Amino acid sequence: MRKMRGIKKIIPYLGLIMIIILFSALTQGSLITFRNLKLIFNQAVVLIIACIGVTFVMSQGSLDLSQGSLLGISGAMAATFAALNTTLSLPMALLTGIAVGLINGSLLAFFKIPSFIITLCVLFILRGLTVIATHSGSIPIPFEMLELDSYQIKVPLLVTIIVIACYFFNYTKIGKSMRAIGSGEVSARYSGVPVERMKILAYLVSGVLCGLCGWLNVVRTGAADSKTGLLFELDILTALVLGGMPLTGGSSAKFHSAIIGGLMLAILSNGMVLVGIKAELQQAVKGVIFLLAVYLSFERESVVLIK
Amino acid sequence: MKTKKVLSIVLSLVFAFVLFGAHMLFAEKEEERPYLIGVSIWADSGPLSKKVISNLRYAADVLGAEVEVAVDGFKPDNQVSNIENLIARGCDAVMICNCTDAVVPKFVKLADESKVPLALYFRKINDPEIKAYAESSPYFIGNVHEDEVAVGYSLGKALAAKGCKNAVIINYNKGDTTAENRYVGYKKAFAETGINLLGEQWDILDAEKAANTAERFIAAFPEIDAIAVGGGGGGPLSGTIRAVKNHNKVGQIHITASDFGPDIENSLKNQEVAAMSGGHWTDPFFTFILLYNYVDGHPLSDKVETITMQPIYLTSVSDAQDYTKWCMDEPPYNEEEIKNMTVKHNKGFTLSDLRRIAAAFSLEDVMERHK
């Protein structure tokens, strides 16, 4: 059993390596040109950051399905305030993320409603607000803000987030407490873990990182749109599962799932276009790979209800 | 713990080897290849998008080029990713039906950075600032679009000719210039002819949503006698027809639509549709011709160019039969005509010629050329 778990741990890494080798061969090296690697990085940044936030939530055995709509509304807030003053755009996106994270976390902690129900409801509410904020259309950002979509900003930002989040997740009392909740809420409480506070904190981290993603996304596309972030929560789940995260989350959640999974999904999407796989087939290929990843990462012995 | 560390070092080394070693192994050798034009499209299903793709593939085949299609679902982030991916794929030029004016500056920036020509199809840039920004780019070639205000206006008039008094509009994305211009045209016609606009619903891009919306309108406004479908590639029209049929209101509620549905002839024969505009899937074909000439080293202009054309209007069964025979069963431009639209095969071909061909496009034009 222990040997099997050991093998399971390296499956995401092997998967990533296999995808790189496969698409490198199929694209005759185009996948791993410097220019394309930059592109993959650019497309993966938002997904990896959002996945990192959700990892904190999933480590407690909860889910956050509101991410797509949060990406939309935080982007809409960023674009709206950018029209007044460009320096306001980032703080407004982050504040939106913080507010939504607090609401999600508080509802879960104090009203004991399952997280997937809360975040699903919040998803609908935020989508409605996004449509209102964008007047069912789109809000352009000032042209000069397009320059903020640069590697000089994104690389240090992503590295800093990974380092800080990894430290907190793996080496601090906070991270251990969150995972303790994931392995058993009652026992965690008896062990002195402030369960409610940890739940709120996890959603706060998830919210603020998603708010940042909203801003990054607006800067990348040049506009906030009523459709921005639609089904983004599914991309996050797919990436995390590809990265080895069990769908049920819990204490076995690993931080690296966010990074490996985000990269895998970005390479997969980019590789299929480079190979010239017809658009009709791309979704089907992703679906098959997702199914395979779920099968390989599914922990039958520790199946629990998502809280 | 020690095993873990060793394992992570080994995996990191393997990863580094894969990344750099694979590049050495699989590096592409320079070789002659056909021109590759990247196309980002909202969907690959639905009558309009399917016809756009097949017509572009046909034209590319005739000219010995290739098209690479990527689906964007009309979402800004997907559209940006598609442009990036198509450029990375090695496309010599890219074309897109932008979901909103607001994303155009980003496309232009990507085109400039990669020195890859970009053109828009089906779209006019309404925002003057964005238009000026795009036109300042050396790699933004231009756009092809229909006079969408005229489209909405003509179809609005067709509803008035049927005696309609109370209408609703089902349209797709707000912020989309085509949808908004058609809406303006409809409103103008309604105002002139005294038709009351009882309600409007936006963001409808598929049959299911259109059917539900139409049913809600029928329930809310019993006096409704007209539904104007703003577009959306044919799917919303199918859904609206279904809703009207379900309520046994065929002949009482008249439908007009842009973008032909899947069964034009029967829709007109059974009086399910009063008038339709469509057949403008040749619009991306003209964008393709602009780009093909550019990448072939014979740009048709050194400025940003806008080409306008008119869609085909169908109001009778015989029109629909002719359209199916002359435009659907056979391509509206044959091999010789397509080749003659390129400087490579026709040295004297100019932008004015392309403008003239696009402006002349109609059912009568196709029939006259191919009879």
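**Exercise 1. Helix H7 of chain A**

Task: Which residues of helix H7 (residues 173–183) of chain A are buried, and against which helices do the buried residues pack?

Solution. Gly175(A), Ser177(A), Met178(A), Arg179(A), Ile181(A) and Gly182(A) are buried in H7(A). Buried means under 20% relative accessible area, exposed means over 50%, and partly exposed lies in between (1.4 Å probe, protein chains only). Next, take the partners. The buried residues of H7(A) pack against helix H2 (34–58), helix H6 (151–171), helix H8 (185–190) and helix H9 (195–221) of chain A. Contact means heavy atoms within 4.5 Å. Helices (H or I, at least four residues) and strands (E, at least two) are DSSP runs, numbered from the N terminus.

A note on the model: it is predicted, local features need pLDDT of at least 70, side-chain atom pairs count only at pLDDT 80 or more, and totals for chains, interfaces and linings use all residues. Residues are numbered from 1 along each chain as its sequence is written, chains are lettered from A and ligands numbered from 1 in the order in which they are written, and side-chain values use heavy atoms, with hydrogens and water left out.

**Exercise 2. Two partners of helix H10 in chain A**

Task: At what angles does H10(A) meet H2(A) and H3(A)?

Solution. Two packed helices are described by the angle between their axes and the distance between the axes. Axes are lines fitted to C-alpha atoms, for helices over the stretch in contact, and angles run from 0 to 180 degrees between N-to-C directions.

Step 1: H2(A). The axes of H2(A) and H10(A) are 9 Å apart, and the packing angle is about 75°. H2(A) is therefore roughly perpendicular to H10(A). Angles under 35 degrees count as roughly parallel, over 145 as roughly antiparallel, 65 to 115 as roughly perpendicular and the rest as oblique. From H2(A), the contact includes Val46(A), Leu47(A) and Met58(A); from H10(A), Phe232(A) and Leu240(A) are among the residues. By class, this contact has 11 nonpolar, 1 polar and 1 charged residues. Ala, Val, Leu, Ile, Met, Phe, Trp, Tyr, Cys and Pro count as nonpolar, Asp, Glu, Lys and Arg as charged, and the others, Gly among them, as polar.

Step 2: H3(A). The axes of helix H3 (residues 67–84) and helix H10 (residues 232–242) of chain A come within 6 Å and cross at roughly 130°. H3(A) and H10(A) are therefore oblique to each other. Gln67(A), Gly68(A), Ser69(A) and Leu71(A) of H3(A) touch Phe232(A), Glu233(A) and Ile236(A) of H10(A). That contact has 3 nonpolar, 3 polar and 1 charged residues.

**Exercise 3. The parallel sheet of chain B**

Task: In what order do the strands of the parallel sheet lie, and which are its edge strands?

Solution. Start with the order: E2-E1-E3-E4-E5-E11 (chain B), an open sheet of 6 strands with parallel pairing. Two strands pair if DSSP finds at least two bridges between them. Strand E2 (66–71) and strand E11 (305–309) of chain B are the edges, each pairing on one side only. Neighbouring strands are turned by 20° against each other on average, direction ignored.

Now go strand by strand. Strand E1 (residues 36–41) of chain B pairs with E2(B) over 6 bridges. Leu36(B) has Glu66(B) in E2(B) as its bridge partner. Strand E3 (residues 93–96) of chain B pairs with E4(B) over 3 bridges. There, Ile96(B) is bridged to Leu120(B). The chain runs from E3(B) through helix H4 (residues 104–114) of chain B to E4(B), a right-handed β-α-β crossover. Right-handed means that, with the strands pointing away from the viewer, the path from the first strand over the helix to the second runs clockwise.

E4(B) then pairs with strand E5 (residues 140–146) of chain B over 4 bridges. Ala119(B) has Gly142(B) as its bridge partner in E5(B). Both faces of E4(B) are covered: Leu118(B) and Leu120(B) on one side, Ala119(B) and Tyr121(B) on the other, are all buried.

**Exercise 4. Gly90 of chain B**

Task: Where does Gly90(B) lie, and which residues does Gly90(B) touch?

Solution. Gly90(B) sits in the loop between helix H3 (76–88) and E3 of chain B. Its relative accessibility is 24%, so Gly90(B) counts as partly exposed. Not counting residues up to four places away in sequence, Gly90(B) touches Arg33(B) and Leu36(B).
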